[in-house]
Amino acid sequence: MRSARFWETASIPELYEWFAGEAEASSPGWARVSRQVAATPAIAALLDELPPAARQPNLFLASVKRLHGPLDADPSLEDWVQRHWAAIEHLVTTRFTQTNEVGRCAVLAPVLASLPQPIALVEVGMSAGLGLFPDLYHYRWLLDDGTVVSAGSPGEVSIECQVSGESLPLAVPQVAWRAGIDRNPLDPSDPEDSAWLRALVWPGETAREERLAAALRAVADRDVLRVAGDITDALPAVLAAAPRGATVVVVHSATLAYLPREQRQRHLDLLGRLGVHWVSNEGVKVVPVVRDALPPGFTDDPRPCFVLALDGRPLARVGSHGQWLEWL
Ligand SMILES: C[S@@+](CC[C@H](N)C(=O)[O-])C[C@H]1O[C@@H](n2cnc3c(N)ncnc32)[C@H](O)[C@@H]1O
């Protein structure tokens with residue numbers, strides 16, 4: 001993932017050419033739309049007028065999907081964008097990239113279950129809070145030898161994950177209490193919030209979008225402390241509310257990359273001072289202490305991935321949506 005500085009300073013054609021490369025494998029439609037945007041000066045000129053934070057291609061493309069625009073390259077795209085520009089501008093300046101991926105629970109659950117149970121679970125960067133309910137979903141962990149480990153609650157949300165190697169038991173944690181912090185917590189029972197989260201899923205990833213919709217229904221109206229605020233500033237007060245007798249654990253997943261570098265370090269220092277367990281599920285270079293502890297040769301593998309870590313110790317290479325897990 002690129003930094004906020006790249007989104008703010010690169011030219012629109014440069015940004016959309018980069019994004020096309022990112023989307024190519026899982027969403028060829030978005031890759032073609034991105035190339036069309038890069039090659040259409042009239043659309044690029046509109047996008048160039050946006051405030052820096054609204055220039056992320058993901059925000060524009062999610063707005064196109066939310067407003068039922070073309071999901072593939074199309075001769076009508078320029079005209080469509082011009083006719084819908086007011087609505088697009090409203091979405092990209094009031095909404096954020098808050099992709100909430102329930103599949104990540106398949107890689108987080110075994111780490112959370114390895115701590116003394118029950119746990120008091122805090123997710124910083126919760127989005128709609130799907131990651132706060134690892135005990136609510138059904139899992140199918142598919143092992144290399146063809147064995148399937150099934151666990152969790154049978155229900156609408158079933159998550160599959162390909163697992164290589166051996167380390168922690170594949171198990172589901174007991175969650176006694178849950179709290180989430182986000183600068184803009186989304187409400188899974190709110191139709192507009194749900195529609196935006198669905199729009200953030202790239203076209204072509206239909207099964208992922210259906211699972212997201214099922215997860216939003218499953219967690220709607222469940223008891224969880226939702227705190228609107230900055231993850232670093234709000235964390236101490238949230239932890240003070242955790243019940244005694246449960247192991248307190250803070251999770252951050254696909255979130256620290258959105259923090260400016262100096263705040264990232266401040267946040268990690270705070271976690272160290274608070275003396276709680278912390279589970280990190282972030283890009284390879286995002287958390288310095290985790291990056292520095294990776295085994296030699298880790299970065300030779302060119303596949304895009306996240307690193308799953310407990311208390312700063314890397315445990316596994318994982319798919320960025322939790323679709324696979326390779327224990328280190
Ligand atoms: C890409 S989403 C990831 C959501 C969830 N953790 C997951 O793995 O599905 C990142 C979330 O972090 C939140 N976020 C980013 N920086 C933040 C900050 N400084 N304070 C509070 N929330 C923040 C965003 O609003 C967004 O909801």
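Predicted model: local features only at pLDDT ≥ 70, side-chain atom pairs only at ≥ 80, totals over all residues.
Me: In which sense, parallel or antiparallel, do β2 and β3 pair?
Reply: Strand β2 covers residues 138-143 and strand β3 covers residues 148-152. The two form a hairpin with four residues between them. Five bridges join β2 and β3, and the sense is antiparallel.

Me: Which residue in the turn of the β2 and β3 hairpin has a positive phi?
Reply: The turn belongs to the hairpin of β2 and β3, which has four residues between the strands. The phi in question is about 95°, and the residue is G146.

Me: What is the bridge partner of Y139 in β4?
Reply: β2 pairs with β3 in the antiparallel sense, and with strand β4 (residues 158-164) in the parallel sense over six bridges. In β3, the bridge partner of Y139 is A151. In β4, the partner of Y139 is I159.

Me: Which residue in β7 stands opposite V124?
Reply: β1 and strand β7 (residues 247-253) run parallel. Six bridges join these two strands. The residue of β7 opposite V124 is H252.

Me: Why is α11 described as roughly parallel to α12?
Reply: The axes of α11 and helix α12 (residues 261-274) come within 10 Å and cross at roughly 15°. Angles under 35 degrees count as roughly parallel. The relation of α11 to α12 is therefore roughly parallel.

Me: Why are α5 and α7 called oblique to each other?
Reply: Helix α5 (residues 57-66) and helix α7 (residues 85-94) pack at an angle of about 130°, with their axes 9 Å apart. Angles over 145 degrees would count as roughly antiparallel and 65 to 115 as roughly perpendicular, so the rest of the range applies. The pair is therefore oblique.

Me: Which residues of α7 make the contact with α5?
Reply: α5 passes α7 in a right-handed crossing. From α5, the contact involves L59, F60, S63 and R66. By class, the contact of α5 with α7 has five nonpolar, one polar and one charged residues. Those from α7 are I88, L91 and V92.

Me: Which residues in α9 does α5 meet?
Reply: The axes of α5 and helix α9 (residues 191-199) come within 8 Å and cross at roughly 115°. The crossing of α5 past α9 is right-handed. A62, K65 and R66 in α5 take part, and in α9 they meet A195, W196 and A199.

Me: Where does H68 lie?
Reply: Phi of H68 is near 60°, a positive value in a residue other than glycine. H68 lies in the loop between α5 and α6 (77-83).

Me: What is omega for the cis peptide bond joining Q117 and P118?
Reply: P118 is found in the loop between α8 (105-113) and β1 (119-124). The bond from Q117 to P118 is cis, and its omega is about -5°.

Me: Which residues come nearest to the ligand?
Reply: There are 21 residues around the ligand. By class, this shell has six nonpolar, 10 polar and five charged residues. Those that come nearest are Q98, G125, S127, R183 and S253.

Definitions and conventions: Residues numbered from 1 in each chain as written. Near = placed C-beta within 6 Å. Nonpolar A, V, L, I, M, F, W, Y, C, P; charged D, E, K, R; others polar. Pairing = 2+ DSSP bridges. Axes fitted to C-alpha atoms, helices over the stretch in contact; angles between N-to-C directions. Left-handed = near helix turned anticlockwise from the far one by under 90°. Contact = placed C-beta atoms within 7 Å.
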